Amino acid sequence: MKTLLIIDKLLGLARSHLVKKLLGAAAAKADLTLTDKIDESELVIVLGGVLSADSALNGKKVYVGDIELAASQPEQFLTQAKAKAEPYQAPAAATVSAPSVPRIVAVTACPTGVAHTFMAAEAIEQEAKKRGWWVKVETRGSVGAGNAITSEEVEQADLVIVAADIEVDLSKFAGKKMYRTSTGLALKKTAQELDKAQAEAIVYQPTAQSGAQPASAEQKKGGTGPYRHLLTGVSYMLPMVVAGGLCIALSFVFGIEAFKQEGTLAAHLMKIGGGSAFALMVPVLAGYIAFSIADRPGLAPGMVGGMLAVSTGAGFLGGIIAGFLAGYLAKALSDHVKLPQSMSALKPILIIPLVATLITGLIMIYVVGTPVAKILTGLTSWLQSMGTANAVILGAILGGMMCTDMGGPVNKVAYVFGTTLLSSQIYAPMAAVMAGGMVPPLAMGLATLVAAKKFSASEREGGKAAFVLGLCFISEGAIPYAASDPMRVLPCCILGGAVTGALSMAVGAHLMAPHGGLFVLLIPRAITPVLGYLFAILAGTAVAGLLYAVLKRPDEQLVKAA
């Protein structure tokens, strides 16, 4: 018999989890199967409070029980619940007085915490208000949670929508109906995702270790899997890369080799940036990949594996392997190691970290470290010694990828490639990546100026904003134009990005920081050579912007064609 547990939130997360775990262990003996879906449940057990009127429970067997008995004698409690449960019928007044206006809360988060996070939030807000819904969206951006959702708002919400490309803490939404998707879908197909959220949301229950929901099929549809785990690791690594890269750039203000003189400010800046921040890049990357997979129990083995990747010379490649290895090991131990109830508390804080760290460490030392170090050394040597022709080809590929989907998977693959190479002191690909990513919004802004008559007033105004977003390295500024005219915008942008990336590599541009756009120029030597880099960006912008200005069909023609 499928059974739904409804536990009063006032009991606290720890106590609720303990009782649920005890009842879960005893359920099999009572011939019960716990479920989170109210629609498929046959028996509903309410603990810690009085059952509030809910027409969704009509016709189901419902039992309101004592939590103390459930905690002390779970088997007896379940037997009693089966025997005494009675069919439920909500009072007529409760059914009639159901709230007429849906109340939804949402959370948005992208790997960099800059553009997609806030654009997806705005799209959800606009679509919900268009439907007459009450809505509040919490943004988990680069500076933390913005517009935070309160516990009262969670309690009153009918639905939670999570549009996130990385793993985020959702423990405060325990017991609420939740739908998970990606920021890209929430931004580009907002109406479709809100419709799906109403139809496909399921009750969210945190897992034991930390409040992360298990990876169900529904979540996978929202974008979980290795790619999401990798982006989670990258999102936590980025502050290290930015801080470390800019500290290294500041040390170069005193001379390229000034840091070699002990005791000087340049030496200290290099120690902060290269010796500390960059040294933590790979462990943080590996640790949070594992954290994304297995939650907190994966963090320690992941970081230890990342440290071993550094010490064995396996670098960022070894760190990525260590993160996935530690994460899946910790998850396997969490799912398959069964302990007596009296010892279960030791599993997440002692047994899983110890065993997963030990196995991950030994594999990194004896199996992964040496061969991956040789691969990384070969890759580094090739990148550092490749001729101009190869560099130009690589730059064109990276620049074009950055413009393919403007913040989507292809864009992120190129971005991750550039950022992870920074740990190996290879700065040219990152320069090509950022320059290429700036082209789409800058090009659209240029096109609205050159061919103003072909654009509507709102598009011309959007072009001004696109200029600013492009200068900040926010490729998503071109999404409105790409969405309305993809067959022309995307090829123009890809060509312009490829030109920019190729020129960036041809002039030997180096970039110390993975974000910030042209504002990074305020830091001396963060970008070199400055004039060559600016020329590359201007050339790609001109190619894409002018080409689209020629190909763009005026609004009147578009209306007639429709």
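Predicted model: local features only at pLDDT ≥ 70, side-chain atom pairs only at ≥ 80, totals over all residues.
Biologist: Where does the pLDDT fall below 50?

Modeller: Residues 94-98 are one such stretch, with three contacts beyond near neighbours in sequence. Residues 208-223 also have a pLDDT below 50, and that stretch has 44 contacts beyond near neighbours in the model.

Biologist: Turn to the sheet. What is the order of the five strands?

Modeller: The order is E2-E1-E3-E4-E5. The sheet is open, and its pairing is mixed.

Biologist: What makes E2 and E5 the edges?

Modeller: Count partners. Strand E2 (33-35) and strand E5 (86-87) each have a single partner strand, so one side of each is left without a neighbour in the sheet.

Biologist: How do you know that E1 and E3 pair, and in which sense?

Modeller: Pairing needs at least two bridges. Strand E1 (residues 2-7) and strand E3 (residues 43-47) have five, in the parallel sense. They therefore count as a pair. Within it, Ile6 stands opposite Val46 in E3.

Biologist: Which helix lies across E3, E4 and E5?

Modeller: Helix H3 (residues 74-84) does, running at about 120° to E3. Strand E4 covers 61-65.

Biologist: Now the helix pairs. Why are H13 and H14 called roughly antiparallel?

Modeller: Helix H13 (residues 315-336) and helix H14 (residues 346-385) pack at about 155°. Angles over 145 degrees count as roughly antiparallel. The pair is therefore roughly antiparallel. Their axes are 8 Å apart, and the crossing is right-handed.

Biologist: What classes of residue make up that contact between H13 and H14?

Modeller: The contact has 20 nonpolar, four polar and one charged residues.

Biologist: Where is Leu446, and what does it touch?

Modeller: Leu446 is in helix H17. Setting aside residues up to four places away in sequence, Leu446 touches Phe467, Thr541, Ala542, Gly545 and Leu546. Leu446 and Lys464 are 18 residues apart in sequence, and their C-alpha atoms are 8.9 Å apart.

Biologist: What makes Asp31 worth a look?

Modeller: Most residues other than glycine have a negative phi. Asp31 is not a glycine, yet its phi is positive, at about 60°. Asp31 lies in the loop between helix H1 (13-27) and E2.

Biologist: Is the peptide bond from Thr528 to Pro529 cis or trans?

Modeller: Cis, with omega near -15°. Most peptide bonds are trans. Pro529 lies in the loop between strand E13 (527-528) and helix H21 (530-551).

Terms used:
Residues numbered from 1 in each chain as written. Heavy atoms only, no water. Axes fitted to C-alpha atoms, helices over the stretch in contact; angles between N-to-C directions. Helix = DSSP H or I, 4+ residues; strand = E, 2+ residues; numbered from the N terminus. Parallel < 35°, antiparallel > 145°, perpendicular 65-115°, else oblique. Left-handed = near helix turned anticlockwise from the far one by under 90°. Nonpolar A, V, L, I, M, F, W, Y, C, P; charged D, E, K, R; others polar. pLDDT = per-residue confidence, 0-100. Contact = heavy atoms within 4.5 Å.
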